[in-house]
Structure formats: structure tokens, C-alpha cells
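Good morning, colleagues. Please look at the sequence and the structure on the screen while I take you through them.

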Amino acid sequence: MNITLALHDCGILTKRSLKHIIKNMDQLMGILIMPTVFLLLFRYVFGGAIDTGGTTYINFLIAGILVQTLAFGASTATFNIVLDLQRGFVDRLRSLPIWSPSLLVGHVVADLVRNTLSGIIMILVGLLIGFRPTASIHEWFLVLGLALLFTLAISWLSVILGLLVRTLEAAQWANFLIVFPLTFASSAFVPTDNMHPVIRVFAENQPFTHVITAMRAWLVGTPIGNSGWLAFVWCAGIIIVSIPVATWLFKRYTPK
Amino acid sequence: MSQNAIIVKDLKKSFKKLKVLKGINFSVKKGNILAILGPNGAGKTTTVRILSTLIKPDSGLALVNNHDIVKEPNLVRASIGLTGQYAAVDEYLNGEENLEMMGRLYHLPKKDAKHRARELLKQFDLVDASKRAVKTYSGGMRRRLDLAMSLIASPPVVFLDEPTTGLDPPSRLMMWTTIKKLAAKGTTILLTTQYMEEADNLANKIIVIDEGKVIAEGTSDELKKKIGSERLEITVTGDLQRAAKVIGGRVDEQRQTIIIAQGGVEKLKEALAKLETANVKVESISLHKPTLDDVFLTLTGHTATQDAEREARRKK
């Protein structure tokens, strides 16, 4: 396959997916609603009962909410892939003289742009209700970089999920099943110290926690430990494995 | 160079244990329309999917525009347009954007893609709707856009999988006109259909497939000769069995009707005379154009509907 042509195809299909962000505002709203509800719920209902040491709860919470927003945002790739499979769009693409995995690239790039938008919105909402970051410019860039890398990782995983589940219903619960445990059994909403020992071991070592801990450290100056580089390694690792798997699954996909 | 745009030799395909194609042979001359006629589950869609490189055959040979579908899929893809059973259009983009995107994916320069998009919008009567999101389109408009999208690069060969299934009669007529115009300009068309009428109206050649095999092929006239002309139905008020004995044919007891597959006008006169002599009262008479069911009944001894039901049972 000619690389220039493959890039051209990626460009065309990325343009399509980017147009979807604007033309399908419902999807963006859908992604923002859940984390916003969680943000308000934890800030005003549960937050008072949670001890976060020297940090205010909203300062503690914002990194967790940000990562949850990014995870939900990136998991739209699953829906978008399943829709394209079901509506025959994938069949059409595969009958064209193009590098058909360009479709996947298009969806993933759109996730990056959509997540940048929704991440900014969540931070603005946070500022409105008392979030006070201490991050330097340099730290803001680290947050942005990790956010994009994390989005890439989850987005490619979501693509794989979409190619495996093949129905919208399954896509819905499969995403739920992955995003929920990983955000709740993490340091997103509460410190991990008081969790059940087994859960605690999981929570302290899974990638979401490292990403959250790193972002929190950069945003409000909490201790970072090893989470900074571990977060980058986890995300890069997931991306390196999931891109070939997704491409392979897509190429061998045969319609039922 | 061969004068055939599509050549298919002994094509076989199984999905797990289910043999979907059991050795299909046919060819289509350049600029002709071939209709593949058959009930659900006969293997029509599988044939189209194989020829458009979406799935690989287990064995056999197929050439599209002189390119081998297995060895040179990209050359095949550059010379075909595919319109599947479900309109594969982008819901959120508008008609014009859909067409331009498709043109760009066929690697047309931007200017040409735009120009061609405008041309097709005009040709398919979609100019007024060109700036509206496709999700607001009617079924007929979607199908038209879908077909237009597969024509954007003016491919020499076009595959249409049940292009009019689910369309209302005016939209169907419009689709027929479009398909005929396309062929008149030299495009080779392979279409699948469940309707004898559609195959009759459009195709230079028809192949009838059943359970993965070609059971008949020829022009519409040749096939009709084989099936017989019109189907004659006579409903009687008197003794149905006696009537059947006198004039022959199949008995439908529920409707008090005798069905004669090969029923021209001569047959009608003859039957009426015989019933008169036998003193059986006739309630009504009707002549019907042969349907897919008649074709199947004559060729296979079972109807297409029975066939589809059996298929559904087997899939369970």
C-alpha cells in the first residue's frame, strides 16, 4: 500500500469524523452529562464526608473527573465503529480502492479533538465551583500531553471493542463494564487508603490511577510518586499493542 | 481483451457448514444488465459480496473488468461501484458532502469530485436536498444518493444488491429509469432482485439461482417460454374436484380455485368451453404475470416462499 495514498485516505475520513462532532452535538452532550453529574454529586453531596488530607475536595476531585470525561469521550469510538459496521458504511469502504483502516484513524483523531473540547469544558466547570489549580505552564502542557495520550490509548481499545461486540446494545454495556470499574476502583473520587485490601492493590496499580495521580500532582501539587512516568508508559504500551490488533481485526472482519 | 465485463467460473463459498454457493457460472457482456433472480438465502448477496471483493470465495474464478478478484482486489475496486442492500450513506453529512467524500476516496482531484458531485445531484434529482443532512432524507432519496455515490468515479461495472427492495412504486420506477440510462451509456450492471417483474423490465439476461446453484439462465423471453406465459386462475362455485378433472391444473381448495401455470388466452377459451360442457359454474377468472413463485414452481417443483421458509428453519 502506497503511504501517500493511505495518508490521503486517513485525511478524508478524519474530515468526515470531525464533521460528525459538529453535526452530532447530541453525542458531545451525552459525553459531558455523566461526568458533570458526577462532578456536582461528589462536590456537593459526598465530598464533605471524604478526607483528602491537605487538599480541598474539589481540587482532589477534578483530576478524577477529567480522566472519567476523557474515558467516556474516547469510548464513543466503539459506538461510531459499530454504527459504521451496521449501516453498511464499512462494506462500502472495503469495496473502494483505499486503505480501509483509515476509517479507524478518522474516528480516533476525532476522539482526540472531541476530548480536547470536553476536557476544557470540564476544567471550566471545575473553576466555577471552586477548583483552584496551581499548575505552571509547563505542568499544563504535561496535563494536555497525558490527556491526549490517554485518549489515544482508550480510543484504540474502544475501536477493538467495537469490532468485537458488533451491536449497539453490547457496545453500551461493554463500555460501562470497562470504564466504570476502572474509574471507581481508582483514586478518582476517594483516596485508595481505605479500600478493601484486594481492591486497593488493584486500584493503586491500574493505569487510570497513575494517570489521575499524575494529573492531580501537576494541577494542584499533590505528591506524584512514580505515577508520572508510569502513566506515560501504560498509555504508550496500550497504544503500541492496540493499534496492530485493531487493524488486524478490521482487516479480517467479515460481515455476517 | 474479452468482451465480457464479468466472468464467473465455478464459484463456491461456504460459511462454516452451510454451503451458500455450490458452483456458480455466468458471464456478463460489456454494457449489459444481468439480473440474478432468487429468493432470500439463495446466494445472491454472497455472490455480489464476492465479486466486489468484500469476501473471498473458497474456490473458483471470477474476473471483473479483466481483473482477478482474489489476486488483484485493488484493481477490481478501482473499476466497480457497489450499492448494497442498505443505503450506506453518512447520516450526518449532507448529500453533497457524501458525494464529494466518496469522490475523494476514489482519489479524484478535489475540483473533479466537486464537479462530479454536482452533476450527479442534478441527475438524481437531489439538488434541492443537497445541503440537508441525509438523516432527513426519505427512503427513496437515500437509495438514490447511495447509487449516485457508487457512480461518482464513473466505474465501468456497477453492482446493485436489491436496489428497489422497500421502495414505493414511484421511487422504484425512477430507479429503473436511472439503471436503464446507466446501461445505455455503456456501464455494465449486475443486479440482484426477488422480483420477476424487475428482472423482466431491466435485464438483457437473467439467471435464476436457488440454494447456491444456477437453475436457469437466458433472456427474459427465453425464461418465460420455459415457465409458460401467464398463470390462469379460475374460481368455480360448483364441484371443484370435477372441474379439476376436466381442465387439469393445481387445486387451491381454500379459494375454490384452479391454477394453471401455462395459461394463455387459448387455454382460457378451452377451459371455459370444457367447464361449460361439464356444467361447472364459474365465478371469476383472472390472468396473472408469472411471479418468482411461478418461476420456482416450474423450475424446482417448490415455491420460493417455501424455499425461504425452509431456509429460515435451517438457519435456526
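Predicted model: local features only at pLDDT ≥ 70, side-chain atom pairs only at ≥ 80, totals over all residues.

Let me begin with one pair of residues: K13(B) has L21(B), in β2(B), as its bridge partner.

I turn now to chain A and its confidence. The mean pLDDT of chain A is 90, with 98% of its residues at 70 or more. Within chain A, helix α7 (residues 137-165) has the highest confidence, at a mean of 95, and helix α8 (residues 168-184) the lowest, at 86.

How do the two chains meet? The contact draws 24 residues from chain A and 30 residues from chain B. Together the chains bury about 2,500 Å², of which 59% lies on carbon and sulfur atoms. On the side of chain A, R87(A), R92(A) and P97(A) lose the most area to chain B, together 27% of what that side buries.

Charged pairs also cross this interface: five salt bridges are counted between chain A and chain B. In one salt bridge, the side chains of K19(A) and E97(B) meet at 3.2 Å, N to O. The largest share of the side of chain A that touches chain B comes from α1(A), with nine residues. By class, that side has 10 nonpolar, six polar and eight charged residues.

Key
Residues numbered from 1 in each chain as written. Chains lettered and ligands numbered in written order. Heavy atoms only, no water. Pairing = 2+ DSSP bridges. Helix = DSSP H or I, 4+ residues; strand = E, 2+ residues; numbered from the N terminus. pLDDT = per-residue confidence, 0-100. Contact = heavy atoms within 4.5 Å. Buried area = accessible area lost by both parts, 1.4 Å probe. Salt bridge = Lys/Arg side-chain N within 4 Å of Asp/Glu carboxyl O. Nonpolar A, V, L, I, M, F, W, Y, C, P; charged D, E, K, R; others polar.
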